[in-house]
Amino acid sequence: MKKTSHLMAALLAAVAISAPATLARAADPIKVGIIWPLTGNAAAAGQASKAAIEVALDIINNKHPELGDLPLAATEGLPNAGGAKIVVEFTDHQGNPSTAQQLAVRLITQDKVHALFGAYHSSCSFTATAVSERYGIPFMVGESAAGNITGRGFKWTFRGTPIASDYAATYMRFFADMKKQGRKIETIAIVNENTDYGTSVAAAIEEEAKKNGISVAIKVPYSANSTDVAPQVLQLKEKNPDVAIFISYTADAILFMKTMRNLNYLPPMVIGDDTGFSDPSFIPGVSAVAQGVMNRSAWDIGKPGTTTYKINEMYKAKTGRDLDDTSARNMQSFFALADALNRAGSNDPEKIRAALVATDLKPNQLMMGYEGVKFDQTGQNVLAATYLIQLKGDAYQLVWPDRAAAAKVEWPMKGWK
Amino acid sequence: MLLLQVIVGGLLLGAIYALFSSGLTLIWGMMNFINFAHGEFVMLGMYVALLTVTYLGGGPVLFSLSAAVTLYGIGIIIYLTLIRHVMKGPMLAQILSTFGLALLLRYAAFWIFSANVVSLPQTTLSGIVDVGGILMPMSQLVAGVVAIVLTVGLHLLLTRTNIGSRLLAVAEDRNAAMLMGIRPDRMQALAWGLAAGSAGIAGALMAISYPFSPSVGETFGLTAFVAVTLGGFGSVPGALYAGLIIGLIQALSAYWLGAIYKDIVVYAMFAALLWLRPQGLMGKAS
């Protein structure tokens, strides 16, 4: 009897403690834990994305009626949650998947965040999302591209960005278009850094290429920490593919372009799969030797006066440079999460999850060139898409698809010539 | 032809490995002291080069010299403020002190220079030399030649000059050297200056061809340790041969087997050699 009353008391105490959390006092801030590489070899990308999220927070938490249909811009905080502000906790996984996993645990159990966001490296998103699945806290994957992050039957993982197979399919449609214009594209080379990101994108491209009757002349996996890539460039030179596709992080992307110049090797076309090729250090590092390099991007600054232009101005005022595609995709995913947090109107994880499932953002509510944001059962955004851009002078220009293009594709690329 | 190109590229890279490894081996030879911050000296050399080009302009000669001089100074300051004191402590304290120093330098660089990847301006020492179809980028050719000259110079300094004799005397027997009128502190400060200076100049030379960020020292530090162990602790010519061998093996295995196998090959050969010859190529068996 005594035992039971103790148990009752404990239960009552537990209810008393947990009640305020689930009822969410109106203006209690909603906490989002963010896991990113803020130091280590991808630190530049992590820091750029961090600045982008800070701009997004400014837009969400303060009034920005000038930003058109962007959700939560015109109002202050989350109107459905009594004007609650979103606060974020940035943590640094240094590019290490096991650190990412530990950080996810810490953010959930100690910092009591209501949602998680991250984690740049696909390998880190892979481990961190498994933690949020275990604890039942929603995880929005900002921009990691590896296919296997979603599709594990997880209930709590969502992803706003296009993924490896979307990109691979885009490249093939582009090749088909180019072939129609008389370009020769029979063989391609796939050069990839060898963690989850590079490996999964490379595999997706290889699979799509097979379907489209394009042969893969050579696959060159390498470590992004390499200090010397000359032997790899010579391997490419030997096979002489029509297009070389690079899935690279920053320092290695720059090193490859410089080494190709040094060894006088220029394929008809180089396509960089975003990431390193979109890093702000890429263009100043290699613009003299990499003219005509193509890249993918779902981000376009647009004309003065547009919402995207204004967002870019805000970002530029903060960092001194233009918003890049990687950071922009993170920002878009964060807006999608914020929109769901608002519709949930509460910090209860199950309600947030239900709101994410019900997400349906239209193109005019987005800053990216997606067809919308809508998640399938695996949590993947099925309306995500991308553009192709090409380096001309000191900037990328949108060249494909034709309906959005600002300039024509130059084929073959000029490189340093 | 392509194979010859691979070999030349590997040797040029190996020469730079040799230069920054020789500094590490110097400190070991002089003081039986392991410096885990050596890779960070290379990183600092890269940033000094960048700052020099950005704010003073000038070419490779100026920025290499300024990196060498600045790092020479930093090396001496680190010896006087940190190393001299921890040397009196237990071995573990010595090891961890330079490990801590490495982290301090790396994260100070993060704070000052940010985490962004940077490179020297694209026009720095551009141009490509074509020798019978073998292409050698001017930047790497100059860096390789300068590295070999400096490494040999360092060896001559140690073995053929008065300063070298005094440096070695201190290494041999500190007390006896003191009785001969040599000041060990001054000599060891000089050794730290030379070691850091050579790492600095190696960093400046590498910065011409390699993009870098504050974490770059990690990779180079590891390579330097392998070169020093392979060459034989304390032997400058050993570090030279080992640097060249590592560069060559990396290049050949990356070309034949693929990039992801090159480190496996290098470290497997490293382990095998240590098994057969624990004192390294040029080290003295104890």
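A second polar contact, of 3.5 Å, links the side chains of Arg296(A) and Tyr171(A). The model is predicted: local features need pLDDT of at least 70, and side-chain atom pairs count only at pLDDT 80 or more. Side-chain values use heavy atoms, without hydrogens and water, and residues are numbered from 1 along each chain.

Arg296(A) is buried, with a relative accessible area of 1% (buried means under 20%, with a 1.4 Å probe and protein chains only). Arg296(A) lies in strand β10 of chain A, residues 294-297 (strands are DSSP runs of E, at least two residues; helices are runs of H or I, at least four).

Strand β10 belongs to an open sheet of seven strands in chain A. The order is β7-β6-β8-β9-β10-β11-β12, with mixed pairing (two strands pair if DSSP finds at least two bridges between them). The edge strands are β7 (215-222) and β12 (395-400) of chain A. Each pairs on one side only.

Within the sheet, β6 (residues 187-193) and β8 (residues 243-247) of chain A pair in the parallel sense over five bridges. Here Ile190(A) stands opposite Ile245(A) of β8(A). Helix α6 (residues 196-211) of chain A packs on the sheet and touches β6, β7, β8 and β10 of chain A (contact means heavy atoms within 4.5 Å).

Key
Chains lettered and ligands numbered in written order. Buried < 20%, exposed > 50% of the residue type's maximum accessible area, 1.4 Å probe, protein only. Polar contact = N/O pair within 3.5 Å; in protein donor to acceptor, adjacent residues only side chain to side chain. Axes fitted to C-alpha atoms, helices over the stretch in contact; angles between N-to-C directions.
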